[in-house]
Amino acid sequence: MNNISPVESFYKLIEQRREAELLALQEQNTKKRRGRPRKNKLYFTQDTEDAIIAYNSEPDQVKRNKVFNEYIHHPLFKMTESLIHRYKFYHFNAPTQDVQYEVIAFILEKLPKYTQDKGKAFSYFSIVAKNYLIQNNYKHYNRKKSKAPVLEIDSRRSVINEVIRAENRTETQDFFHLFITHCTENIDTIIKYKRDIPTAYALLQIFTNCENIETYNKKALYIMVREMVDVKTQYITRVVNILKTEYSRLYSVYKNR
């Protein structure tokens, strides 16, 4: 019996799926149904995930290139496009498509690290791409600020206010690090329900990089938490409110002392 390569096995699996889909469609056509047939609008499907697994297992570079071009590249391209526009990563000094190819090149470096025990491929690579975009968007944003015309900066700046803001920012960041440490060490007493503790840990993990927190919006934070712990929005909101209350209480103590 000849050994079949991972990519060849993948193409056989795809063929079987298409035959099953065709049979299911024929059965639907025999039944009288009103309205137009539904179209699958998903760009990142189980086929994509299986293609990535086959790609990682395939030793033949020609076959790897074939499955990547036919089943992996387009879903990654659409995913990066969606992330850029959803979270408004618009500070790159390049057209959107160039940024997409840059992110895909980064994902390619991480592609071999993906295994099925790490969850769904879409969630895994969404986080990889999102983190890359967040970090680099922030770098480009800072670069734009540093290159702003001197006259424009001078006409808008107030040196006294800048010093006060800088001191307040440093103080807040110092407290924030203390707050994260406090919550991590006392999580069992701060969070009442045990099922909320993983959510709290996920939030604290995200907040650890507080210097970049301004690059996140509320929706992005909630999505990231859900991908880390798979909970409903209402439970995330409950934990956020608990941490906000604890933050306000401790910050007043910190300021007084």
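**Ground rules**

I am working with a predicted model, where local features need pLDDT of at least 70 and side-chain atom pairs count only at pLDDT 80 or more, while totals for chains, interfaces and linings use all residues. Residues are numbered from 1 along each chain as its sequence is written, and side-chain values use heavy atoms, with hydrogens and water left out.

**Entry: helix 1**

I started with helix 1, residues 6-30. I noted that helices are DSSP runs (H or I, at least four residues), numbered from the N terminus. Helix 1 has 25 residues and reaches 37 Å from its first C-alpha to its last, close to the expected 36 Å. That expected span is 1.5 Å times one less than the number of residues.

Which residues of helix 1 are buried? I found Val7, Phe10 and Ile14. Buried means under 20% relative accessible area, exposed over 50%, and partly exposed in between, with a 1.4 Å probe and protein chains only. I then looked up their cover, which includes helix 2 (46-57) and helix 3 (61-86); for this, contact means heavy atoms within 4.5 Å.

Lys88 is not a glycine, yet has a positive phi of about 55°. I placed Lys88 in the loop between helix 3 and helix 4, and Lys88 is exposed, at 55% relative accessible area.

Asp230 also goes into my list, with a positive phi near 55°. I found Asp230 in the loop between helix 10 (218-229) and helix 11. Is Asp230 buried or exposed? Asp230 counts as exposed, at 69% relative accessibility.

I then turned to Asp117, in the loop between helix 4 (96-110) and helix 5 (121-146). Asp117 is exposed, with a relative accessible area of 69%.

**Entry: helix 9 and helix 11**

Last, I looked at how two helices meet. The axes of helix 9 (residues 197-207) and helix 11 (residues 233-256) come within 10 Å and cross at roughly 65°. Axes are lines fitted to C-alpha atoms over the stretch in contact, and angles run from 0 to 180 degrees between N-to-C directions.

Which residues make the contact? I listed Thr199, Ala200 and Leu203 of helix 9, and Ile236, Val239, Val240 and Leu243 of helix 11.
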